[in-house]
Amino acid sequence: MTTIEHDLPYWIAFSRVPTVGRVRIGLLEERFGSLRAAWEASGSELGSSGLTPAVVSAIEQVRRVVEPESELEQVRKADVTVLTWHDSDYPRLFRNIDDPPPILYVRGTLQPDNEVRATIVGTRSPTPYGKEVTRQLASGLAESGVAVVSGLARGIDGVAHDAALKAGGRTVAIIGSGLDVVYPPEHRSLFERILGNGAVLSEYPLGSKPDAQHFPRRNRLLSGLSAATVVIEAGLKSGARLTVRSALEQNREVLCVPGSIYSPESELTNALIQEGAKLVMGVEDVLEELHVSGAPRQEPLPGIAADTEEEARLLDVLTHEPQHIDDLSRSTGIPITQASSTLAVMEIKGSALQVGRMNYIRARTASVS
């Protein structure tokens, strides 16, 4: 079934009424046969349908300032596709959650339901370790044909989207504002890149600000669009805990990356692992839950083995755990200035990688002679 074209403007118009959601949309459809008929109904008719006086008043206030056909025109000018739960392109996985959004606003390309997706969430203030794990998992998923879903937020979300795109994969962002309001604003470029090889979704109409109450509701869609949710670094009070709760309620898999017992950013993930969440040691653990064959293994690139004694000593102590240059200098006996210049050369050659604040790791392509 597909939303009748002449009814679509009224779906958009009703999405402007904050108090009209899944239950009341269903009620209006059942009582009036279409949302166009409901929009044109009198206040007394709306009241007799079972809506409370407060909801009727809210609808009447919006009707005084919103013109449905004009709303549809604005959406089309913004290059936004509108899907209702009657449309065949509406995600099947959303139909199976307790609170499916009646309407979805989409920019970019939302693939059919046979696309395999994994959601990645976590703190907005990740450690270098969290960033690097996110890069490796997101790129590995992308290389295996899995679309990475996240929320476009600062921190883990942004790193996940960026890594998936750089690996040549698809990524889907679900945001808590209108599709013409990019939040955070510094992710404008990332937003545009996602449109080139993915999609951005929202249940909120154009112009909607990133209200604090939108994000907890958005989290049910982050977990709902994927078969599995991966949590990478999250404190006990992190919004990721709401996504995890939704995932469990939706019968989705929850996987967590372990972290240091001393790190506040790993308190939630470590606690969830204690409670039975699957521990993630690498992308293969996520792919196993998704029933997807593993990512192609990267072979060491030629010509990046250690060419000097200093490079060999640094490669001998570098691991996939970030280490500060001061610690590397102490453990190798190489003076700071010489360690800095050597690491800079190693970054160019691809054998080392700085992951922020002068912390370094061994690149996946590094080899030792």
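Analyst: What follows sets computed values against the cut-offs behind each label, and the model they come from is a predicted one.

User: What makes up the protein as a whole?

Analyst: The secondary structure comes to 17 helices and 12 strands, and the C-alpha atoms fill a box of roughly 85 × 40 × 35 Å along the principal axes. Of the 369 residues, 54% are buried, and the accessible surface comes to about 16900 Å², of which 50% belongs to carbon and sulfur atoms. Among contacts between residues at least 6 apart in sequence, 69% join residues at least 24 apart.

User: Why is the pair Glu-115 and Arg-117 called a salt bridge?

Analyst: The closest N and O atoms of Glu-115 and Arg-117 are 3.0 Å apart, and the rule asks for a side-chain nitrogen of Lys or Arg within 4 Å of a carboxyl oxygen of Asp or Glu, so the pair qualifies. By this rule the count comes to 19 salt bridges.

User: How do you know whether Glu-115 and Arg-117 are buried or exposed?

Analyst: Buried means under 20% relative accessible area. Glu-115 has 14% and is therefore buried, and Arg-117, with 3%, is buried as well.

User: What makes Lys-278 a link between parts of the chain?

Analyst: Lys-278 meets Glu-288 in a salt bridge at 2.8 Å, N to O. Because Glu-288 lies in helix 14 (residues 283-290) and Lys-278 in strand 9 (residues 278-279), the pair ties together parts that are 10 residues apart in sequence. Lys-278 also forms a salt bridge with Glu-289, where the closest N and O atoms are 3.0 Å apart. That pair again links helix 14, which holds Glu-289, with strand 9, which holds Lys-278, the two residues being 11 apart.

User: Why are Lys-278 and Glu-289 called partly exposed?

Analyst: Partly exposed covers values between the buried limit of 20% and the exposed limit of 50%. Lys-278 has a relative accessible area of 22% and so falls in that range, as does Glu-289 with 24%.

User: Which residues are linked in a network of salt bridges?

Analyst: Arg-22, Asp-99, Glu-203, Arg-217 and Arg-220 are linked in this way.

User: How do you know that Asp-7 has no salt bridge?

Analyst: The nearest side chain of opposite charge, that of Arg-36, is 6.4 Å away, whereas a salt bridge needs a distance within 4 Å, so Asp-7 is buried yet without such a partner. Asp-7 lies in the segment before helix 1 (8-14), and a polar atom of the Asp-7 side chain lies 3.4 Å from the backbone nitrogen of Leu-35. Not counting residues up to four places away in sequence, Asp-7 touches Ser-34, Leu-35 and Arg-36.

User: Which residues of the largest nonpolar core touch the most other members?

Analyst: Phe-14 and Leu-28 do, in a core of 69 residues. Helix 1 gives the most to this core, with six residues. A second, separate core of 25 residues includes Val-133, Val-148, Ala-164 and Ile-232. Leaving aside neighbours within four places in sequence, Leu-28 is in contact with Phe-14, Val-20, Gly-33, Leu-35, Ala-38, Leu-46, Ser-49 and Leu-51.

User: What makes Asp-79 and His-291 stand out in their backbone angles?

Analyst: Asp-79 has a phi near 60°, a positive value in a residue other than glycine, and the phi of His-291 is likewise near 60°. Asp-79 is in the loop between helix 6 (68-77) and strand 1 (81-84), while His-291 is in the loop between helix 14 and helix 15 (309-317). Exposed means over 50%, so Asp-79, with a relative accessible area of 57%, is exposed, and His-291, at 73%, is therefore exposed too.

User: What kind of peptide bond joins Tyr-183 and Pro-184?

Analyst: A cis peptide bond joins them, with omega about -5°; Pro-184 is found in the loop between strand 5 (171-174) and helix 10 (188-196).

Notes:
Residues are numbered from 1 along each chain as its sequence is written. This is a predicted model: local features need pLDDT of at least 70, side-chain atom pairs count only at pLDDT 80 or more; totals for chains, interfaces and linings use all residues. Side-chain values use heavy atoms; hydrogens and water are left out. Buried means under 20% relative accessible area, exposed over 50%, partly exposed in between (1.4 Å probe, protein chains only). Helices (H or I, at least four residues) and strands (E, at least two) are DSSP runs, numbered from the N terminus. Lys and Arg count as positive and Asp and Glu as negative; His and the chain ends are not counted. A polar contact is a pair of N or O atoms within 3.5 Å; within protein, one must be able to donate a hydrogen and the other to accept it, and residues adjacent in sequence count only if both atoms are side-chain atoms. Contact means heavy atoms within 4.5 Å. A nonpolar core is a set of buried Ala, Val, Leu, Ile, Met, Phe, Trp, Tyr and Cys residues joined through side-chain atoms within 4.5 Å. Accessible areas come from the Shrake-Rupley method with a 1.4 Å probe; for residues, only the protein chains shown count as cover.
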